[in-house]
Amino acid sequence: MALPPYATTGQRVWHYTFRVICGLIFFFLIAPIVVVIPLSFNSQDFFTFTKEMLSLDPAGYSLKHYRDFFGNPDWQDALWNSVKIAPAATLLSVSLGTLAAIGLSQPHVPARRAIMATLISPMIVPLIISAAGMYFFYSRIGLAGTYWGVVLAHAALGIPFVIITVTATLVGFDRSLTRAAANMGADPVTTFFRVQMPLILPGVISGALFAFITSFDEVVVVIFVGSAKQQTLPWQMFTGLREQISPTILAVATILVVISIALLTTVELLRRRSERLRGMSPG
Amino acid sequence: MSDTTDTGGPVLAADGTPLKRSLARALRRQKMRALLLIAPLLLFILISFILPVADMLYRSVKNGIVAETLPRTVVAIADWDADSGDLPSEAVYAAMAADLKEAAAAKTHTKVGTRLNYENPGISSLFRKTGRKAKKFDIEGVSSWKEELIDINKDWGDIENWRTIQTYSPRVTSGYFLNAVDMRVGTDGAEMRPEAERIYMNLLGRTLWMSLAITVCCILLAYPVAWILANLPMRQANILMILVLLPFWTSLLVRTSAWKILLQQQGVINDILVWIGLVDDSARLVIINNQFGTIVAMTHILLPFMILPMYSVMQTIPPSYLRAAKSLGATDWTAFWRVYFPQTVPGIGAGSILVFILAIGYYITPALVGGTKGTFISNQIAFHISSSLNWGLASALGAILLAVVLVLYWAYDKIVGIDNVKLG
């Protein structure tokens, strides 16, 4: 990667131009997310930097949008709904998903490819189609507009992520460990909880985090399947952005960015731990 | 243990059964166990996801309402030849009067009208107006229902209306699909709608075109980033990787609202351009609520999905190949184009299909930053479900979109393999 000492001028110029281009692309990736954070402390109801903000005058900054978020019952209800729906959906998709991932990683599974394709399909099928189908079907069986209808729908959307992460972890799992446990007299349930589960736990947790964020961020399906009682945070943001856009959204966005940073850090730490356990370089 | 090896007979297992059968049984048990572990989830997905989608697909051809609301008319009109130029017989009119009386009492006549109105605009008012009087119809007391109905509303004397009723009397229809591809059932079977009425094919074309544009933008932006990530020392690459993964983990709504705020006419980008003096304050750029806004925002949102597969492919290419090519006399460009680039094609393919599949079904971002010119077919589907309530048409459009996505999904499975999808 470093420039060799014999590089020609043209090579030097290209080397630095290329780095500048990459820098610009990284800037493009991160700038829109970063820009939201200072704007959320704006003391005015503007969506751009005011003169006071640019001159770093403390009067240009305030917590008023955050106060609005925590004081407004609409936003609080939405937050509460999100917090109620996402963990239930996560629990459902992780428990069923982990079990199925273990089944899928057995050496002999009939129609493995077809099963895998079916289980991954909620990730691939456009959300609007899933949402439309669930809306029609759940209305028919009386689930539309209920808490459990939304949980069921979100669990289905989170399953592909659990399957992908847990099967990836199971690839590195040494099967002789379960055989050893069985050899020493452990029944399958004990083997699972005392031997296999602790080893694949990092994968299960990152799958759970993916499922959680899928449900927590999801808006299309909940709009169709849910009713006003299940209005979640993203739904409230969506209506806010569509109709009258209020700067409170910036405060909400900042809070969500902080949550994603926390989740990302956890997943990265888990991934490194699981690679270390597998004897790969920790990176 | 028996001395099977000595006798030359079949090899026996410990319990005396032939080893072959014993192994086959063990294998079968193993398969059963694997399936039992998968079964709960498969059942769950079937109920919560596959059945709803199948239900939607069925709705795109389902057409029970005409036959259910106008049962007598449907039977009576079956023999009528619309091309003869004559109005249907007296019996058909009488059947219609009887059906309308019942339908008006049950208040279902407007539903039939609405359904038929999708195919023949204007027919719903005919049903609504006649329905108001239909409750008081005296079926036996009128000698000629033909004259009576035409008297109530002269549109009952229009052959086209009767043709529509006849065409849409079967329980299964291709009408929604024809509508979805801008065709209609005319006098000689299916025909294209007039140029000005062709909405959906243009919309599908625009969706495909914009998804392609987004995919190309993603390839161009992701390639350098993936290359630098794969070639930097591990520690630096990991730090830069965070810049890729953070957008990936950030809520879609947050990223879309960020773009909405940045691209507004009074937003940050226009402010900066005015401040540098590139753009006059009175001539601020319109970069939101059009195709440009959608493409920029969606390229940003989908870029990580392109970078990650490219990165994982580039990581496996030994840097010595490039050095070898150069030591054999290749210029930088030849070495890259003839040696490095061909090896990255699988990564580009994987990323492109993934980005294209995700882009084609997008709903939220186009709805928020696309205005009217930058919306996708998903937005039209949502409109038909929640506003126009033409669920059949929404389902037919959905089925077409689903077909495109499934073909791509199949290609993805063939090229990359579903098992090789990587996250983060």
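Predicted model: local features only at pLDDT ≥ 70, side-chain atom pairs only at ≥ 80, totals over all residues.
The C-alpha trace of chain A spans about 75 × 70 × 30 Å along its principal axes. Of the 283 residues in chain A, 43% are buried. When the contacts of chain A with a separation of 6 or more are considered, 74% of them are accounted for by residues 24 or more positions apart.

Within chain A, the pairing of α4(A) with α9(A) can be described in detail. The axes of these two helices come within 8 Å and cross at roughly 140 degrees. An angle over 145 degrees would count as roughly antiparallel, and the value found here therefore makes α4(A) oblique to α9(A). The crossing in which α4(A) passes α9(A) is right-handed. On the side of α4(A), the contact is made by S82(A), I85(A), A86(A), A89(A), T90(A), S93(A), V94(A), G97(A) and T98(A), while α9(A) contributes V204(A), G207(A), A208(A), A211(A), F212(A), S215(A) and F216(A). Sorted by class, the residues of this contact comprise nine nonpolar and seven polar ones, with no charged residues.

Chain B contains 20 helices and two strands. Along its principal axes, the C-alpha trace of chain B spans about 100 × 95 × 40 Å. Buried residues account for 39% of the 424 residues in chain B, and among contacts between residues at least 6 apart in the sequence of this chain, 67% join residues at least 24 apart.

A helix pair was also examined in chain B, namely α11(B), formed by residues 200-231, and α15(B), formed by residues 291-314. Their axes come within 6 Å and cross at roughly 40 degrees, and α11(B) and α15(B) are therefore oblique to each other. The crossing of α11(B) and α15(B) is right-handed. By class, the contact of α11(B) with α15(B) has 23 nonpolar and three polar residues, and no charged residues.

The contact between the two chains takes 78 residues from chain A and 77 residues from chain B. On the side of chain A that touches chain B, at least two residues each are supplied by α1 (9-39), α4 (73-104), α5 (112-124), α6 (127-140), α7 (147-171), α9 (188-217), α11 (233-242) and α12 (248-277) of chain A. The largest share of this side, 14 residues, comes from α1(A). By class, the residues on the side of chain A that touches chain B divide into 63 nonpolar, twelve polar and three charged.

Key: Residues numbered from 1 in each chain as written. Chains lettered and ligands numbered in written order. Contact = placed C-beta atoms within 7 Å. Helix = DSSP H or I, 4+ residues; strand = E, 2+ residues; numbered from the N terminus. Nonpolar A, V, L, I, M, F, W, Y, C, P; charged D, E, K, R; others polar. Axes fitted to C-alpha atoms, helices over the stretch in contact; angles between N-to-C directions. Parallel < 35°, antiparallel > 145°, perpendicular 65-115°, else oblique. Left-handed = near helix turned anticlockwise from the far one by under 90°. Buried ≥ 20, exposed ≤ 12 C-beta atoms within 10 Å, placed from the backbone.
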